Amino acid sequence: MNKVDYMEVTVPNYSYVFNFEETFIHMDTKIWMTKNWTNCFYYCGIYMILIFGGQHYMSNRPKFELRGILALWNTLLATFSIIGFTRTAPELIHVLRHYGFYHSVCIPSFIEQDCVSGFWTWMFVLSKLPELGDTIFIVLRKQPLIFLHWYHHITVLLYSWFSYSEYTASARWFVVMNYFVHSIMYTYYALKAMRYRPPKGIAMLITTLQLAQMVIGCLINISAHQYLESGQIDCHITRVNVKLSLLMYFSYFVLFAKFFQKSYLSKSNNKVGKKVYANGSMEYDKLKVN
């Protein structure tokens, strides 16, 4: 089944729907996001000033450990991501099973018809602002701040808020994938902050999942572009959005691939990495780019 009137779409049979999900009114949030999404540029400007100004401030000062706060922070983000994934993935699976791939890319029923998925999609977009706090820990702990880290945070924030204001249909894929990867990633960070030592292979697995996420993201955007070029006028995604999203995901893929090669395939870096891991240092700060 390809094209379908999304006004007739059924939603997954959730075992329980919370009151705050049931009372979610998507149009109210769309109006608010449309009016305020450009504020993200101000948030990003403040973010850049804080992190690079913070690095300068910390250059001649001792680093902070912040292990307890870091463990709590990552535990909260891991819990949020796990809940978000369990509340949005059923909608994607349901759509693929009953309405097909075209619907999953082109019809925004995950916001307009499903209050559960809609609410957690909105929460996903809003979460990109507090997630900037990840970088504050890196700065205060005087860990290396790589380009991929802050570039990723800024572009995801801008793109997520912009896409929500357009009800970009393909975003259902991006939301579910990101929730899934973050569920594993922040759980790993939390365990490391608590001085547990998960197998080092978990770090490689997380970066591999991030790379897979970028590949799938590119494929979804290519599919959306093909639908638009074939004249599918009911495909709810703009050409501008497709181009921006494809550029973003491809740039992520290149940067993550370089990060993967440097972190796990370079012989010299592997020797250093093994020594750092053996000493119990916070390896996750090197990994923390998403």
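A residue counts as buried when its relative accessible area is under 20%. His94, in this predicted model, has a relative accessibility of 12% and is therefore buried. The residue is part of helix α4, which covers residues 67-98. Beyond its neighbours up to four places away in sequence, His94 touches Thr10, Val11, Pro12 and Tyr99.

The chain as a whole is helical in its assigned elements. It holds 14 helices and 0 strands. Read from the N terminus, the order of elements is α-α-α-α-α-α-α-α-α-α-α-α-α-α. The chain has 290 residues, and 51% of them count as buried. Contacts were also sorted by sequence separation. Among those with a separation of 6 or more, 87% join residues 24 or more positions apart. The accessible surface of the chain is about 14,100 Å². Carbon and sulfur atoms account for 68% of that surface.

One helix pair was examined in detail. Two packed helices are described by the angle between their axes and the distance between the axes. Helix α7 spans residues 115-127, and helix α9 spans residues 147-166. The two pack at an angle of about 145°, and their axes lie 9 Å apart. The crossing of α7 and α9 is left-handed. On the α7 side, the contact is made by Gly118, Thr121, Trp122, Phe124, Val125 and Leu126. On the α9 side, the contributors are Ser160, Trp161 and Tyr164.

The elements that give two or more residues to it are α11 (201-229) and α12 (239-265). Helix α12 supplies the largest share, with 4 residues. Phe250 belongs to helix α12. Its relative accessibility is 49%, so Phe250 counts as partly exposed. The cut-off for exposed is over 50%.

The loop between α11 and α12 contains Thr238. Thr238 has 32% relative accessibility and therefore counts as partly exposed. With neighbours within four places in sequence set aside, Thr238 is in contact with Glu166 and Leu228. Thr238 and Glu166 are 72 residues apart in sequence. In space, their C-alpha atoms are 8.3 Å apart.

Two loop residues have positive phi values. Lys142 is placed in the loop between α8 (133-140) and α9. Its phi is near 55°, a positive value in a residue other than glycine. Lys142 counts as partly exposed because its relative accessibility is 38%. Arg195 lies in the loop between α10 (171-193) and α11. Arg195 is not a glycine either, yet its phi is positive, at about 75°. With a relative accessible area of 60%, Arg195 is exposed.

Taken by residue, the accessibility classes are as follows. His94 is buried at 12%. Thr238 is partly exposed at 32%, as is Lys142 at 38%. Phe250 is partly exposed at 49%. Arg195 is exposed at 60%.

Conventions:
Residues are numbered from 1 along each chain as its sequence is written. This is a predicted model: local features need pLDDT of at least 70, side-chain atom pairs count only at pLDDT 80 or more; totals for chains, interfaces and linings use all residues. Side-chain values use heavy atoms; hydrogens and water are left out. Buried means under 20% relative accessible area, exposed over 50%, partly exposed in between (1.4 Å probe, protein chains only). Axes are lines fitted to C-alpha atoms, for helices over the stretch in contact, and angles run from 0 to 180 degrees between N-to-C directions. A crossing is left-handed if the near helix is turned anticlockwise from the far one by less than a right angle, and right-handed if clockwise. Contact means heavy atoms within 4.5 Å. Accessible areas come from the Shrake-Rupley method with a 1.4 Å probe; for residues, only the protein chains shown count as cover.
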